[in-house]
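This report goes through selected local features of one protein model. Please keep the sequence and the structure in view while reading.

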Amino acid sequence: MVKKILTVAGSDAGGGAGIQADLKTFEEYGTFGLSTITSILTVSPKTKTPSIYPIPIEIVEKQLETAFSGGPLDALKIGLLGSLPVIDLLEASIKKVNQSHVVLDPVMAVKTNKEVLQPELVKAMISKLIPLADIITPNLVETSILADMPIIETEEDMTLAAKKIFNLGAKSVIIKGGDRFKGNSATDLFYDGKQFLFIHEDKLETNTNHGAGCSFAAAITAGIAKGLDMETSVKLAKKYVTSAIKYGVYLNDFTGYVWHGAFQEATNRMIIGDDFK
Ligand code: PXL
């Protein structure tokens with residue numbers, strides 16, 4: 001049976017991050033994606049700055065009712081939420097249907113805009129959603145905020161931050177050091193209360209990394225929906241996203257997106273043979 005996964009997140013008009021990253025990634029993993037859109041994110045070609053347009057809460061609620069109309073799904077990924085009512089609604093929905101396999105991507109900073117999430121939203125996410133999460137996937141900026149550590153530069157800093165975030169109540173944590181981590185390696189750290197596992201890949205000579213964080217978290221979600229254990233799921237997700245960054249695509253001269261089809265060589269699919277034409 002095809003596994004069904006819901007993403008609750010923002011829609012990225014550019015197609016590389018948010019809902020789009022998630023649905024494309026779910027498809028790459030051979031799973032069926034559903035979506036609840038919390039907001040729409042656009043980027044002005046003139047100023048290169050993003051704008052976020054929230055979806056009215058009643059419509060977020062109707063989307064969640066649609067998604068959960070057959071009961072809990074095989075996994076749930078949470079991304080950009082943007083408001084306290086959405087956080088409350090999602091918490092209640094998860095509890096109502098008893099949804100498990102929850103991946104929380106605590107989106108606070110989109111690459112071009114560091115002020116997405118206000119302190120009261122961070123507090124609500126910590127108290128209401130982190131305890132429901134099987135894994136939380138902060139990038140370095142989000143890690144600094146959640147661990148209350150202004151500087152995270154070394155593997156020791158990362159280890160301490162992972163412990164602190166784990167102690168907020170998630171069952172496991174992966175810190176997405178990625179390209180922002182100092183040095184030559186794009187380093188992430190997984191911690192599940194038992195082992196610290198550093199995952200390294202060489203940094204790539206490319207800027208096509210917009211959407212990488214979302215896609216990585218989506219890949220972890222699809223992995224666990226398909227029955228992989230968390231550690232295996234994280235390791236495979238790292239391979240998937242590294243490939244997506246390496247073969248990324250430019251939308252314009254200032255935004256390069258990851259290409260979700262890279263790992264499975266999707267450009268070779270649906271080749272139309274002459275016999276069909
Ligand atoms: O990468 C964080 C992120 C999350 N959600 C949406 C986004 C982005 C980055 O652009 O657009 C909708």
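The model is predicted, so local features need pLDDT of at least 70 and side-chain atom pairs count only at pLDDT 80 or more, while totals for chains, interfaces and linings use all residues. Residues are numbered from 1 along each chain as its sequence is written, and side-chain values use heavy atoms, with hydrogens and water left out.

**Salt bridges**

Side chains of opposite charge can pair when their charged atoms come close. A salt bridge here is a side-chain nitrogen of Lys or Arg within 4 Å of a carboxyl oxygen of Asp or Glu. The count is 11 salt bridges, including those in the table.

| Pair | N to O distance |
|---|---|
| Glu28 and Arg269 | 2.7 Å |
| Glu91 and Lys95 | 2.9 Å |
| Glu153 and Lys182 | 3.2 Å |

Relative accessible area sorts residues into buried (under 20%), exposed (over 50%) and partly exposed (in between), using a 1.4 Å probe and protein chains only. Helices (H or I, at least four residues) and strands (E, at least two) are DSSP runs numbered from the N terminus.

Glu28 and Arg269 form a salt bridge that links distant parts of the chain, 241 residues apart: Glu28 is in helix 1 (residues 18–28) and Arg269 is in the segment after strand 11. Glu28 is buried at 14%, and Arg269 is partly exposed at 40%.

Glu91 and Lys95 are both in helix 3, 4 residues apart, or about one turn of the helix. Glu91 is buried at 17%, whereas Lys95 is exposed at 51%.

In helix 4 (residues 119–129), the buried residues are Leu121, Val122, Ala124, Met125 and Leu129. They lie on the same side of helix 4 because they cover an arc of only 165 degrees around the axis, taken from the directions from the helix axis to the C-beta atoms. Pro119 and Lys123 are exposed on the other side of helix 4.

Asn139 sits in the loop between strand 6 (135–136) and helix 5. Asn139 is buried at 12% relative accessible area, and its side chain reaches the backbone nitrogen of Glu142 at 2.8 Å.

**Residues around Tyr247**

Tyr247 lies in the loop between helix 8 (230–246) and strand 10 (249–250) and is partly exposed at 48%. Beyond its neighbours within four places in sequence, Tyr247 is in contact (heavy atoms within 4.5 Å) with Trp259 and Ala262. Trp259, in the segment after strand 11 (256–257), is partly exposed at 31%.

Technical notes
A polar contact is a pair of N or O atoms within 3.5 Å; within protein, one must be able to donate a hydrogen and the other to accept it, and residues adjacent in sequence count only if both atoms are side-chain atoms.
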